[in-house]
Amino acid sequence: MNDHLMRKPPCRRLGQQAFVLHENFDLGGELCVLLVDPVYREGYTLPGGSAEADELPHLAARRHLESETGLVLPLRTILTVDYVARQQYPEGLNFVYAGGVVSPRQANAVRQYPPPENIRALRWVPRSSLDDVMQGDQSRRVHDAWDAWEHGAGLPLLLRGVPVPVRGETACATPRVELLSYPSYRFPIMSDGIDWIDAELGGEGFSLTMVKDMGHEELAVHLGAKPGTLMDADTAREMLELSPAPWRLPEYAMVGDTGNAWAFAIEPPTAPSRADRYASGRSLAGRRTFVHVVDSTMDPPMIGVCVDGEHDWSMSEYTTNDTDHPLTRRLVAEGGFVDAGDRVHRCDESDVTMADVYRVVGEYYGLTLPRQAIADRRLPHAFTEPRVLVHPQAPCPACGARMLVHGGGSWAPGEYRLVCVYYNVRNVPGYPQRGCPGEISAPVPAEAVREEPNLKYDNVRMPWTM
């Protein structure tokens, strides 16, 4: 350690600012940047301020943005760095972070937000008017950030060589960085996003699974597909045209990759509850990062997110218990959701829809899906139902409940391991902390299971068999 530096550390201010855009339809859809009018200087500036001692820089930017404008946004990509020599203010470096393009709802929330005492006003300003409301150096800084944003030239903020993570963000200088938990941000942040999935998929219901750092073929196998049976997009479309109605076919997944390290699968809403999904190796838990959305069309969709195998955020029926999560705070700040102490839920009179929730979730975790490819089914497909259905007949030897097949025999007759239906359940009264231990291991007696072919496969019409 350099004792001289510790005795007399360099005195340099580190400013952290946010570059946030809004598409103003009153101006023909022209993009406008969010500016604040501080009481301590002439002219408008970007929202932001100095980082405190041992405060992570991007968290300082987010803190100032929230306190000055009410917006809660992930700020991880630097658009420009502006050095300011010592004059009226101490020598400093100003980092400008990309906050993306906010929705009309967010922009309206900013207009109604009462700024703190040190801010006179908030204003959305088109690029053509920057020089009219800002000092020259401030205007040039915004122009440079705008150019970087338009050309996707942002740089990721690193914490000891690792991009800023989604979770584990704490106000200390040496956070515990989780390597698998950060999104690959290049700007614009989103392409098609995921806010449209309700409009395209919600009519018949769906199950959406997105997994970080996994290919789509591996994901298909995790969901039950037999290895090597992935159909290309053209074959899948012909098969669906030649075969009977989808509900007479085995359940299948449409799979793909997002281009930013996520694989995704779209299935019927009943797929996650199939008994064979409990087979060994099918679980996405462990240390994986994944997002799961289920829309049955009967109730509001459910969303669950795990980061590195640990629960990060969830919502069911427009309610979440993760009240302190930045994503939840953003939903409250935008309006339509209220904090009830132990939970946050949608207001009864609110016009917030799942599209609004999907947008915020997508922006926070860096999720995007290819809308047109999904709508046109221009993606690989795979059947995920077993060809041989196995029905456990024996009750659990420990508690008497029904049993499930756990691994083995999902695609061909063989030796099975049967486990209690409470095998994966945690903290159920009357059962051990790690679930009921009841199981019947291979070789399973013949009377313990009943096998039958999956007759749905008889309805499949492949192009090369016609």
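Two strands pair if DSSP finds at least two bridges between them. The legends below describe close-up views of a predicted model.

**View 1. Strand β1 and its pairing with β2.**
β1 and β2 run antiparallel and are joined by 4 bridges. Asn24 stands opposite Glu30 of β2. The hairpin formed by β1 and β2 has 5 residues between the strands, and Gly28 takes a positive phi near 75 degrees there.

**View 2. Strand β1 with β5 and β3.**
β1 runs parallel to β5, with 10 bridges between them; Phe19 has Ala98 of β5 as its bridge partner. β3 (residues 48-50) runs antiparallel to β1 and is joined to β1 by 3 bridges. Here Gln17 stands opposite Gly48. Because 9 of its 12 residues are buried, β1 is largely enclosed by the rest of the structure.

The 15 residues of α5 (residues 136-150) should span 21 Å at 1.5 Å a residue, which agrees with the 21 Å between the end C-alpha atoms. Buried residues in this helix include Arg141, Val142, Ala145, Trp146 and Trp149. Among the elements that cover the buried residues of α5 are β1 (13-24), β2 (30-38), β4 (77-84) and α4 (130-133). Gly152, with a positive phi near 60 degrees, follows α5.

**View 3. Helix α10.**
Gly366 follows α10 and has a positive phi, near 70 degrees.

Technical notes. Residues are numbered from 1 along each chain as its sequence is written. This is a predicted model: local features need pLDDT of at least 70, side-chain atom pairs count only at pLDDT 80 or more; totals for chains, interfaces and linings use all residues. Side-chain values use heavy atoms; hydrogens and water are left out. Helices (H or I, at least four residues) and strands (E, at least two) are DSSP runs, numbered from the N terminus. The expected span of a helix is 1.5 Å times one less than its number of residues. Buried means under 20% relative accessible area, exposed over 50%, partly exposed in between (1.4 Å probe, protein chains only). Contact means heavy atoms within 4.5 Å.
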